[in-house]
Structures are given as structure tokens and as C-alpha cells.
Amino acid sequence: MHLTQKAIAQRIGQIDVVIELLDARLPGSSANPMLAQLTQGKPALKLLNKQDLADPDGTALWLAHYNALPGTRAMALDASMAAPAKALISACHALAPHRGGMAKPMRVLICGIPNVGKSTLINTLAGKRAAKTGDEAGVTKLEQRIALAADFYLYDTPGLLWPRIIVAKSGYNLAASGAVGRNAFDEQEVALELLDWLRLHYPGLLAARFGIEAAASLSDEQLLVAIGRKRGALQTGQQVNLQKAAEIAIYDFRSGVLGRITLETPAEFARWLAAGQTLDAQRQLKKDAIERGRNTRKPAP
Ligand code: G4P
């Protein structure tokens, strides 16, 4: 088990509410599929962070989706919010109304994938009042306890990505968002997937940024070439440098200069997840069959 998973598993018994910080541009893909298992159905607060970069209509859909789940509340926020603590504390009290006061302080675990903005949020939350007590006895080095109020403790865990991403589209969306290290993906592949989504859902933003009209009628490859040409990403012979064009497309999405974009809806994500799970189950069946074949061929000792 990964050390962070272990830290969560050890702490979870004493936790009242689990906050999962999600990327508002890709809430489904940035949700850790291992978390539900690890957190044993504890009340959950989903924080859709970086809402300033996401499409407000997409964020509204995801908030409604999460708020309809039992034991779950959702809020959207971004780093510009001056005082998110009040809303966050009251959402936790609504989820665990039996906790509060010095005798029964609220204990909240906060988790999220790398780069989702957890440190930024915690710094804002912590402000001057909070005491970081990570080096207290009994508190693991992997975990930091922050007192948001005298009866409200936030346990922070390191950013965690899961080992196997079974939804291909999630892998691309995570890479486009910056959650996955640069060496772990192919920029051109990620850019093509991104452009495929943008040409169908945000052709107006592509027109405004790159002057490409009727993007929906172009293939993702044609779009990448057009972006490279518009932005002067050329190599010898006036050919488009596809790598540079891909980096431009990803950077423009990631930084928000392209506009406010959401890469998935709850319904689409549910479809991708179901397809990913079916594929994964088939893969597992094949693996099991190979394993059985190997075992039956083994000579008896
Ligand atoms: P982490 O702890 O979850 O790994 O994430 P961290 O807070 O370090 O934030 C990752 C990046 O996301 C940072 O940008 C941070 O400024 C940015 N960020 C965090 N919250 C928000 C938000 O609500 N909206 C937007 N637009 N950005 C947000 P960076 O470029 O890596 O660093 P820096 O330029 O801020 O130094």
C-alpha cells in the first residue's frame, strides 16, 4: 500500500468528514477511485477547486450531481476566495451535526490529487489563526493537523494519484490539467484528445483564441496543425512542429487563456467509467486465464 493510503487508512477511524478537493474542470477524473474504499462511506464534502478556470455551466452540473448523492455535499471555490473557511466549516457541520464543541471537535481529512490546489487552499484556510501541529507525537510525518477553530481540526494528506487509471479519457484529462508529471504522457496525444473535446464543445473559444472558424468540422489533427500555423510553431520546410503546437494547446487550456472550460459532464464521465470498468474486467479475465493455463502446464512436483 502507498504510504499516503496507509496514513489515510490509519486515521480514518477518527474522522468525521472527508473533504476531497477536485479539479472543477475534470471532477470525475480528478476523483480518487480508491478513496471511497479507504474512507468507508464517511460523510463527504467535494470541493470543486479552480472554478475560475472551469465552465460555470459544467460546474453547476457537477455540484447538482454531488449534492444529490447521500451523505455528500459539494461546493465550488477558487484561490481568489478571501475567506473560504466559514463556508467549509459550516458544510462540515451540516454533514456531521453531532460533532462540535471542545469535547467533540470536528475532525476532517482533506485529500486531493497533486496540483489540484490543496496547498494553496490550506494556506488560505490556515491564515494566522491556525497552528500546524504535524510534529506532535502520534501525528505521522505524512499528515499535518491544522486547527481551523478551537473545535475544528483539518488533517492534511499528501497529494495522491492512484496507480492504475482505467478510464483512458481520465488519463488524458489529468495530463491536460497538469496533475500528471510531464514525462508520464505524450503531449501530442493529450493535445489531440483535448482538441477533440474543444472542437465539439468550445468551438467559439478556439475561434476567439486562434482565429480558427468552424473548428467542429476539422479533425483533431487538422486543428493541431492549424494552431501550430497560427502561432508560428514551424520547423524547416515550413512544416508545423506538432510537438510545439501540442504544448501551446495544452498550455493555453491549463492556464485558462483559452477560456473557462470543463472537460467532462457527470453523464459522460459515468459512460467512460462504465466502459473502462468493462475493459478492465475483460483484461482481468484474460490475465486469470493465462495464469490458469500456466499453472496447469506446470509439471507436478
Ligand atoms: P497542490 O498542493 O494540490 O499540489 O497544489 P498547489 O496549491 O501547489 O497549486 C497548484 C497550482 O494551482 C499552483 O499554480 C496554484 O497557484 C494553482 N491554483 C491553486 N488554486 C487555484 C485556483 O483556484 N485557481 C487557479 N486558477 N489556480 C489555482 P502554479 O502555477 O503551479 O504555481 P504558482 O504560479 O501559483 O506559483
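The centres of domain 1 and domain 2, taken over C-alpha atoms, are separated by 36 Å. Domain 1 covers residues 2–156 and domain 2 covers residues 186–255, with bounds that come from an automatic or database domain assignment. This is a predicted model, in which local features need pLDDT of at least 70 and side-chain atom pairs count only at pLDDT 80 or more, while totals for chains, interfaces and linings use all residues. Residues are numbered from 1 along each chain as its sequence is written, and side-chain values use heavy atoms, with hydrogens and water left out.

**The open sheet**

- Six strands form an open sheet in the order E3-E2-E1-E4-E6-E5, with mixed pairing; strands (E, at least two residues) and helices (H or I, at least four residues) are DSSP runs numbered from the N terminus, and two strands pair if DSSP finds at least two bridges between them.
- Strand E3 (72–76) and strand E5 (144–149) stand at the edges with a single partner strand each, so one side of each has no neighbour in the sheet.
- From one strand to the next, the twist averages 25°.
- Strands of a sheet pair through backbone hydrogen bonds, either parallel or antiparallel.
- E2 and E3 run parallel and are joined by five bridges, and Ala44 stands opposite Thr72 in E3.
- E4 and E6 also run parallel, joined by five bridges, and the bridge partner of Met106 in E6 is Phe152.
- Four of the five residues of E3 are buried, so this strand is largely enclosed by the rest of the structure; buried means under 20% relative accessible area, exposed means over 50%, and partly exposed lies in between (1.4 Å probe, protein chains only).

**Helices beside the sheet**

- In helix H1 (residues 3–11), the buried residues are Thr4, Gln5, Ala7, Ile8 and Arg11.
- Seen down the axis of H1, these buried residues fall within an arc of 160°, so they line one face of the helix; the arc is that of the directions from the helix axis to the C-beta atoms.
- Leu3 and Gln10, on the other side of H1, are exposed.
- The cover over the buried residues of H1 includes helix H2 (35–39), strand E4 (106–112) and strand E6 (152–156), where contact means heavy atoms within 4.5 Å.
- Helix H3 (residues 56–67) lies across strand E1 (17–23), strand E2 (44–49) and E3, and runs at about 160° to E3; axes are lines fitted to C-alpha atoms, for helices over the stretch in contact, and angles run from 0 to 180 degrees between N-to-C directions.

**Helix pairs that cross**

- The axes of helix H6 (residues 168–177) and helix H10 (residues 242–255) come within 8 Å and cross at roughly 75°, and these two helices are therefore roughly perpendicular to each other.
- Angles of 65 to 115 degrees count as roughly perpendicular, under 35 as roughly parallel, over 145 as roughly antiparallel and the rest as oblique.
- Ala175, Ala176 and Ser177 of H6 make the contact with Ile250, Phe253 and Arg254 of H10.
- Helix H7 (residues 187–201) and helix H9 (residues 220–230) have axes that come within 9 Å and cross at roughly 100°, so H7 and H9 are roughly perpendicular to each other.
- Ala191, Leu192, Leu195, Asp196 and Arg199 in H7 meet Asp220, Glu221, Leu223, Leu224 and Ile227 in H9.

**A buried lysine**

- Lys169 is found in helix H6 and is buried, with a relative accessible area of 17%.
- Not counting residues up to four places away in sequence, Lys169 touches Glu193 and Trp272.
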